[in-house]
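Here is a short report on a sheet and its aromatic contacts. Look at the fold first, then at the rings.

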Amino acid sequence: MIVLRPAVRTLLISLLITVFALPGVPAADAGAAPGPAAPGWAPPLSTRGRYIVDADGVRFKLLSGNWHGASGTWNGSGDEADDAAHHAGENSGRIPLGLDRAPLAEIVAGFRSIGLNSLRLPFSGEMLHDTRPVTDAAVAANPRFRGMTPLQVYDEVVAAATGAGLAVILNNHTNTTRWCCGVDGNERWNASQSATQWEENWLSVVRRYRDNPRVVGADLYNEVRRTVWDDPNWGWGDDHDWFAASQRLGDRILREANPNLLIIVEGINWTGIPVDGFPHGRPTLRPVGSLSHTLVRSGKLVYAAHFYDYTGPNHTGATGVGETSDPRYRDLSRAELAQVLYRDAFFVAAEPGRHFTAPVWISEFGVDGNAPAGTKQRDWFAAFADHLIQADADFAYWPAVGRTENRGVNGWALLYWDASGRRTGPYDGGDWRAGDWTRLVTSAGRTGYVDPVPRRSMLSPDHGDFIQSLRMRDRPDWDPGARKAACPDGQRLIGLGHTGNRALCTDTAAADLWAPSAAYQVVTDERYVAGDWASRYTKLQCPAGSFVIGYAVRGAAVSSALCATAATALAGSGRTVWFDRGDNRPAGNPGGDFATGSYKGQCGDDEYVAGIAYTGRLGSSRTPDALYCRRLP
């Protein structure tokens, strides 16, 4: 551990605060529009491969705006009542910005008019419990909201947006009601509160809107990043593990609060000390390639990432003090930008049939509308818009609403209202972004019905149970003291890692394999073995007519196999797949690298796993060595 002298420690804290107090990022797009977004879609939403679809299987591309304010605009110092103490002088009054300028219905109509079909609606954990009424000034254009709490006003906003046909995605932006995103107590979901409080806040807000089917998603936390002393991580199993925290909360929301919501997980926004010579960077979604989420309900996972011109893959966005020599995104050529975007985020949607394949929502991007002609900002925005169009990506511009009189210092918004209630937007003349915005919301992309695709899901009982079957979660502990993993209902085990305890599940070629009320059998010995398919190895084989859906380990050693009775007769021929000395997988490695750094064994898509073999002889660790694969009927 490095011990810093007090003077150095103080300098480091000041540096991080300066670096992460990023320049005016929120505010985004403008006014009059390419035409209203059609409300004709059927909730709830789910996913099929890289696409989000509605209840009829029709693609629903998220053309979203961020309507900020309810998570706070206060900068963290000064009088909260003083506009000057708020970001860009815009005091939202602890509610979505603009309700002091225009009636709620007019603002919502403005979103529809510029082509939006959905909103990302930030809130803070503090806002959910804030009993202070909003000020009359904050709702001057909506006097019926006087005397309401911020949460009650948020209720009205949700109702108005969904009533107009917009989909609403709830976003826990901050823990405390203040501007994001510095070293401010909001760096992690548990930076200024417990993880339990974070989860309970989410369950309460999800239940609050459960009966509104156009509330379609939960964006679990915004821009997870480094505190002064500590980095977040992806899969380490400690209380900074964003993968584990988001996996647990996503499962709890789907199981305890609303099974219909999309669960949206952003990548890690920043790790390391932003000083030349020290490791630092923006992992974004890169870790997903080797460790992806598997939720208790399939077809509900969406990944998200943020991109702005002034930040970069290794640049926080600071200017002056704390600025590193790393390039910003706007410094990259188009080819370099495309390469970085693919590496850091877009690969998740672009590579079909992987354990991580899912829609990627660019839930924040934007640009300063005041950027002069010929600047890198303009070039970047055009290049980024082109990339979104080429990738047919879901997106959300930040921010959707701003104040006209502040436009000279905060020109990011799409729609502006002045003190008299007059609206201006990107199509009212003088906004260079209008052309790029029109291209974004009118671009040709995949439309219509999306065929279901096979699911491939990863199991990772690295630090504890990873039981993704709702049926098994409702049953008693089937191997006490062991770490247990089970495929989501409707999927079967198809691959295992020789070490590391990870596995792959799928529903390929066997959508009707599961019985509606399947019986289960925990296998710990060789009583069901039929034939010596792994000579001199201990074999855990399912009873006739059943297939492997899970397993348990103690340390690295196999403890048991979990088998489910099939709905149809199983009597196919069998083969042994050895993977103790190298990978043994079907051509093309379907599902991708589900056990990085380990040998992997995998049955074919037209097979099921009927057994697992291991050895306890000297020098071995009782890790899986072979699978018994049998052909599906």
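In which sense do strand 3 and strand 4 pair, and over how many bridges? Strand 3 (residues 63-66) and strand 4 (residues 118-124) pair in the parallel sense, over 3 bridges. Asn66 has Arg120 of strand 4 as its bridge partner. Strands pair if DSSP finds at least two bridges between them. Strands (E, at least two residues) and helices (H or I, at least four) are DSSP runs, numbered from the N terminus.

The model is predicted: local features need pLDDT of at least 70, side-chain atom pairs count only at pLDDT 80 or more, and totals for chains, interfaces and linings use all residues. Residues are numbered from 1 along each chain as its sequence is written, and side-chain values use heavy atoms, without hydrogens and water.

8 strands form a closed barrel with parallel pairing, in the order 3-4-5-6-7-10-11-12.

**Rings.** The whole structure holds 28 aromatic pairs. Rings of Phe, Tyr and Trp (its six-membered ring) pair if their centres lie within 6.5 Å; planes under 30 degrees apart count as stacked, over 60 as edge-to-face and the rest as tilted. Two tilted pairs follow.

| Pair | Centre to centre | Between planes |
|---|---|---|
| Trp189 and Trp198 | 6.2 Å | 45° |
| Phe307 and Phe384 | 5.9 Å | 50° |

Phe307 in strand 10 and Phe384 in helix 7 (residues 376-391) are 77 residues apart. Phe307 is buried, at 1% relative accessible area; Phe384 is buried too, at 0%. Buried means under 20% relative accessible area (1.4 Å probe, protein chains only). Both Phe307 and Phe384 belong to one aromatic cluster, whose members include Trp380 and Trp437.

Notes: Buried < 20%, exposed > 50% of the residue type's maximum accessible area, 1.4 Å probe, protein only.
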